[in-house]
Amino acid sequence: MRKKDEKHVADDAPSKRMTESAEDGPSLEPQLQAQIGRKLKAMYDSYLSEPVPDRLVSLLEQLDEMSSQREQKPREGNKS
Amino acid sequence: MNPRQELLQHIPNLRAFALSLTGNADQADDLVQEALMKAWTSLERFQPGTNMRAWLFTILRNAFYSEFRKKRREVEDADGAMAAKLSSHPEQFGHMDLDDFRRALEELPPDQKEALVLIGASGFSYEEAAQICECAVGTVKSRVNRARTRLGELLSVESVAEYGPDTVAQPIITNVQSKGRSVA
């Protein structure tokens, strides 16, 4: 029940910790860390799959237009 | 591919990074917008063939920190209220779902959060992450470790609920069940 005390693991010795806590049943730490890794990835992937907001797309369109107008000579660019 | 198309390609990743840092869609989109404008105006300084994604992440990160410093004082009160609200409802954490994870991530200091996200989710190497965060590779490593340890602490209650009951609760449950049976 005192497993929680073993939680603040020294950064450089995680494997040692795991074997130590393994003696009183399966260690929570590796499972927990695997779980954390999966949640992190799941969270990030859910963000990745969100559609790009229109305001960002139109911002890039505006920037693109502005700079192509700048690049062209005013006389050539004024087709309209 | 023109620069706009190339930038466009990286927006989902930039947004995901910004959302991970802020936990807030409006703030994240503001950051992405700012980063895109900055990137656009300094596009000629970007060297073709180098890592555009890392370059964009660096710009977004800088935007995040200047905003973070600016807002820190204003937001302090709101943050305090939020923290109080969270800690007064611990019973809501039973099972570690994505929202629990997001909440725990919010608790991390930004330097640990960004290191964890860059390495664990964005798929950067430690060297790239060190470049983006403008620090040593060893610093990135220790920040990632500290982030994992802290998340482990914050989420261990849920994990006990998830993994623990076999050994911890089973005797109690069995006991209660048999008692209930003897009463009936």
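Modeller: A residue counts as buried if 20 or more other C-beta atoms lie within 10 Å of its own C-beta atom, and as exposed if 12 or fewer do. The model we discuss is predicted.

Biologist: Which element of chain A has the lowest mean pLDDT, and which the highest?

Modeller: Chain A as a whole averages a pLDDT of 69, and 51% of its residues score at least 70. Its elements span a range, with a lowest mean of 43 and a highest of 92. The value of 43 belongs to helix 1 (residues 14-22) of chain A, and the value of 92 to helix 2 (residues 28-48) of chain A.

Biologist: What is the average pLDDT of chain B?

Modeller: One stretch of chain B, residues 85-94, stays under 50 and has six contacts beyond four places in sequence. Across chain B, 71% of the residues score at least 70. The average pLDDT of chain B is 81.

Biologist: What share of the residues in chain B is buried?

Modeller: Chain B has nine helices and zero strands. Among its contacts between residues at least 6 apart in sequence, 66% join residues at least 24 apart. Of the 184 residues in chain B, the buried share is 29%.

Biologist: Which buried residues does helix 4 of chain B have?

Modeller: Helix 4 of chain B covers residues 98-106, and its buried residues are Phe101(B), Ala104(B) and Leu105(B). They span an arc of only 100 degrees around the axis, which puts them on the same side of the helix. So that one side of helix 4 of chain B holds Phe101(B), Ala104(B) and Leu105(B).

Biologist: What arc do the buried residues of helix 6 of chain B cover?

Modeller: The residues in question are Glu128(B), Ala129(B) and Ile132(B). They lie on the same side of helix 6 of chain B because the arc they cover around the axis is only 100 degrees.

Biologist: Which residues have the most contacts inside the largest nonpolar core?

Modeller: In soluble globular proteins, nonpolar side chains tend to be buried together. Here the largest nonpolar core has 44 residues. Its largest share, eight residues, comes from helix 1 of chain B. The residues with the most contacts inside the core are Ala18(B), Val32(B), Ala35(B) and Leu60(B).

Biologist: Which domains of chain B does this core lie between?

Modeller: Several helices of chain B each supply at least two residues of the core, and so does helix 2 of chain A. Both domains of chain B give residues to the core, so it lies between domain 1 (1-76) and domain 2 (89-164).

Biologist: Which residues does Ala18(B) touch, not counting those up to four places away in sequence?

Modeller: Ala18(B) is one of the residues with the most contacts inside the core. Leaving out residues up to four places away in sequence, Ala18(B) touches Ala28(B), Leu31(B), Val32(B) and Leu60(B).

Biologist: Which element gives the most to the side of chain A that touches chain B?

Modeller: The contact takes 31 residues from chain A and 35 residues from chain B. On the side of chain A there are 16 nonpolar, six polar and nine charged residues. Two elements give two or more residues to that side: helix 2 and helix 3 (54-71) of chain A. The most, 16 residues, come from helix 2 of chain A.

Biologist: Is Glu134(B) buried or exposed?

Modeller: Glu134(B) sits in the loop between helix 6 and helix 7 of chain B. Its phi is near 50 degrees, a positive value in a residue other than glycine. Because 10 other C-beta atoms lie within 10 Å, Glu134(B) counts as exposed.

Biologist: How many Å apart in space are Thr58(B) and Glu134(B), C-alpha to C-alpha?

Modeller: Thr58(B) is in helix 3 of chain B. With 18 C-beta neighbours inside 10 Å, Thr58(B) is partly exposed. In sequence, Thr58(B) and Glu134(B) are 76 residues apart, but in space their C-alpha to C-alpha distance is 8.7 Å.

Key
Residues are numbered from 1 along each chain as its sequence is written. Chains are lettered from A and ligands numbered from 1 in the order in which they are written. This is a predicted model: local features need pLDDT of at least 70, side-chain atom pairs count only at pLDDT 80 or more; totals for chains, interfaces and linings use all residues. Helices (H or I, at least four residues) and strands (E, at least two) are DSSP runs, numbered from the N terminus. The arc is that of the directions from the helix axis to the C-beta atoms. pLDDT is the predictor's confidence in each residue, from 0 to 100. A nonpolar core is a set of buried Ala, Val, Leu, Ile, Met, Phe, Trp, Tyr and Cys residues joined through C-beta atoms within 7 Å. Domain bounds come from an automatic or database domain assignment. Two residues are in contact if their C-beta atoms, placed from the backbone, lie within 7 Å. Ala, Val, Leu, Ile, Met, Phe, Trp, Tyr, Cys and Pro count as nonpolar, Asp, Glu, Lys and Arg as charged, and the others, Gly among them, as polar.
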